[in-house]
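Let us take a walk through a protein model together, one region at a time.

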Amino acid sequence: MELCTYRVNITGTVQGVGFRPFIYALSQRYLLTGTVSNNSKGVEILLNTNTLTLKQFLVAIEYEYPPLASIEKIEHVEMEYQAFDDFKIIATKKIAKVTVNIPPDVSICSDCEKELFDPSNRRYRYPFITCTNCGVRYSIIYDLPYDRINTSMKFFEMCNVCEEEYSNPIDRRYHAQPIGCWECGPKLKLMNNMGLLLEDRINEVDKTVALLKDGNIVAVKGIGGYHLMCDASNAKAIANLRERKQRPTKPFAVMVKDIDMARELATISVEEEEFLTSKERPIVIVKMSSRKLEGIAPNMSKIGLFLPYTPLHLLILDRLNRPLVATSANITDEPICTSLEDLEKLQGVYDYVLEHDRDIVNGCDDSVLMVVNKQQIMLRRARGYAPMSIKLPYTLKHNVLALGANQKSTIAIGYDDQVILSPHIGDLNSIGSVEYYEKNIEILKRVYHFKEEVIVHDMHPNYESTKVAKSLVLRQAQELNNPSVTELVEVQHHYAHILGVMVEKGLEGKVFGVAFDGTGYGDDGNLWGGEFMVCDYEGYERVAHLDYFKLLGGAKAIKEPRRVALSFLFDLYGDDVLTLENATTKAFSKAELKTYFIAWEKGLNAPKSSSVGRLFDAVASLLGICQMMSFEGESAMMLEELYDASVTGYYTFGYKGAVIDVLPLIKDLLAENDTKVAISKFFHTLVEMIAVVYKKYNTLPLVLSGGVFQNKVLLGLLFDRFPHAIVPNLFPPNDGGIALGQVASILKQKGIE
Ligand SMILES: [Zn+2]
Ligand SMILES: [Zn+2]
């Protein structure tokens, strides 16, 4: 057959994942000559071959590509004939416009794990063993292209042996940027909480394990930040950690040695096992099967488990051979600690630090997910999954920076027809967290060489993200002496929730969106959160919503379910509440009740809300389950625990015009004697509510989003009733998905020029 020259272009996640050596190896198999190189769009291959071999070659690429790669498109064209003597890998040239994706950090691969425990290997028990198919990426990158010089590995000079592996196209460490060994790579340091070195070089891991066995709390530097670790079977160590961290009840994540150890603690489904052992290694919320680990998740029947994902974790768990508490090291409301300097603020919490000398450039928390109806429901999208690129259904006219919401913040940049969504950043409740958030904006812009033309932010005037949006524009205007460089666009919170899902699922027409969450600023200035909307990319119509109730004490009501419940009681019974005896009224003094009645009557510091999240709180208070929350979502989690699947029926509610009246539900709930019956019927009522409103629109796809849909019971019931309900799978239903929806909001918006 005639020999021709072909050019093959491959796009997707194809850089920094061992793609060129993979192509090189294929070229050897098919005896081809030519070249392979990276360019701004992906990988380019030039080949001398015939049509038949080309076909086989392309099929081989599609079936055998490296584990960390993902292919978007493979295209080929015939070119003018060009002769090649052999097959070469061409080094990366400086890239002008970056359109490639940064690969996320992934867990250690099985080849490296084998070497880690092989006494004859030169990297035996080396805590930073890695190869082209595994390990750190995003967390060590300063800039693209992804070369060692652009990462925090640039401070380590390779030894000769590593250098040889790194430069050999058929070595499995060819161009593995974080390559290193005992000789030349990062090293561990074990210190006490005063920063004094305990031991060096040889036995840090063993010593750490001994300290953990003795009940100490050890801060361990990982990939995207530090963990606070202690023996999960030591009730006293856990109590200590809770007390020092002032975290009385919020569940801790637990790292287990392997899937067998996970099974000793929990019932694990096939899908859950797949996630636990995946290369992303998220924390998976599963059902506890034994009460062995007292204190990990008080009063809860679920537990967050994950498997070791770095060689260091493997070494620790291998010797410890017990479940290990591994919670992100951070001060309440602050981002995860990524440097020793940050960590020192927690000096009073940990006893020792297992430190290493490779800098964490980009902080990244552990990801958290659960499985409902065999689907992955993200609760926190970070390590292993982020940053992530998502295709848009249309092309953007402008570069967009979207700033997300105020809780569970993420940011996104959009250009051409794609969006890059940052990892979970966190709540913007402190100066430190806002600084970290601004740093993340800088990182994303720097790494992607990105310059925004439009900034999209939430409608809430007091969100920190809104303030940052405004200050960014102001700063640019001052720098450039031109007030019209960047356009500011605000988007309604719940509309953004639904838009995000539309992008992920590629939905283009109208959808029926249900957005249930804590609170989000509405068009009328009230705090929405029980919203039914008919949406498309051009806009939305709010077709129904929960009737407004007052949040007594404003922001305080968000942490105190009793305040929301009291407000409903005032709505129902007016000042008769002052003589009423129930769980909610008992949570206040008589004087407090009087004060709040006046506030309710006059609407003093009592913003109006339609939030389903708050309705959950009210129910928890009225039933005497939770009056004050020590962490977000606590009341809803407690209601989930008491749900009884054998209960049938639901409570009544009003639905007139576009307004849903929940007061009849509250009344019925108060009359119920059995708490479990009341809770179960409450869940059914929410399902019924959606069913009733959806009836009129049921030719449209049903889209569910908002933090309330992180509730496994509610979501499960909804899937039973509406098997085709659409929920986000790639990002969380909570505010972590807002930034994506914000980018989508300007796809079809007119007037942005
Ligand atoms: Zn590996
Ligand atoms: Zn070396």
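Before we start, one term needs explaining: the bounds of the domains used here come from an automatic or database domain assignment. Please also keep in mind that this is a predicted model.

The assignment divides the protein into domain 1 (4-89), domain 2 (188-369), domain 3 (387-504 + 738-745) and domain 4 (508-725). Notice that domain 3 is written as two stretches, 387-504 and 738-745. The centres of domain 3 and domain 4, taken over C-alpha atoms, are separated by 30 Å. Where the two touch, 15 residues of domain 3 and 17 residues of domain 4 take part in the contact. Which element gives the most to the side of domain 3 that touches domain 4? That is helix H13 (residues 493-505), with 9 residues. Sorted by class, this side of domain 3 has 8 nonpolar, 6 polar and 1 charged residues.

Now let us look at a sheet. Its 5 strands follow the order S4-S1-S3-S2-S5, and they form an open sheet with mixed pairing. At the edges you will find strand S4 (70-79) and strand S5 (87-89), each of which pairs on one side only. On average, neighbouring strands here are turned by 15° against each other, direction ignored. For one pair in detail, look at strand S2 (residues 33-39) and strand S3 (residues 42-49), which pair in the antiparallel sense over 7 bridges. You can pick out a bridge for yourself: Thr35 has Leu46 in S3 as its bridge partner. Helix H2 (residues 51-64) lies across strand S1 (4-13), S3 and S4, and it runs at about 165° to S4.

Next come some pairs of helices. Helix H18 (residues 612-622) packs with helix H19 (residues 634-641) at an angle of about 60°, and their axes are 8 Å apart. H18 and H19 are therefore oblique to each other, and their crossing is left-handed. On the H18 side the contact is made by Phe616, Asp617, Val619 and Ala620, and on the H19 side by Ser635, Ala636, Met638 and Leu639. By class, this contact has 6 nonpolar, 1 polar and 1 charged residues.

How do helix H15 (residues 561-573) and helix H20 (residues 663-671) pack, and at what angle? The angle is about 100°, with the axes 10 Å apart, and H15 and H20 are therefore roughly perpendicular to each other. Phe568, Asp571 and Leu572 in H15 meet Leu663, Ile666 and Lys667 in H20. These residues divide into 4 nonpolar, no polar and 2 charged.

Helix H21 (residues 675-694) and helix H22 (residues 712-721) pack at about 45°, with axes 10 Å apart. H21 and H22 are therefore oblique to each other, and the crossing is right-handed. From H21, Phe683, Leu686, Val687, Ile690 and Ala691 meet Val713, Leu714, Leu717, Leu718 and Arg721 in H22. The contact has 9 nonpolar residues, no polar ones and 1 charged.

Finally, let us visit two spots in the backbone. Most residues other than glycine have a negative phi, and most peptide bonds are trans. Against that background, look at Asn373, whose phi is near 55°, a positive value in a residue other than glycine. Asn373 lies in the loop between strand S16 (368-372) and S17. Then find Ala386 and Pro387, which are joined by a cis peptide bond with omega about -5°. Pro387 sits in the loop between strand S17 (375-380) and S18.

How values were computed. Residues numbered from 1 in each chain as written. Chains lettered and ligands numbered in written order. Predicted model: local features only at pLDDT ≥ 70, side-chain atom pairs only at ≥ 80, totals over all residues. Contact = placed C-beta atoms within 7 Å. Helix = DSSP H or I, 4+ residues; strand = E, 2+ residues; numbered from the N terminus. Nonpolar A, V, L, I, M, F, W, Y, C, P; charged D, E, K, R; others polar. Pairing = 2+ DSSP bridges. Axes fitted to C-alpha atoms, helices over the stretch in contact; angles between N-to-C directions. Parallel < 35°, antiparallel > 145°, perpendicular 65-115°, else oblique. Left-handed = near helix turned anticlockwise from the far one by under 90°.
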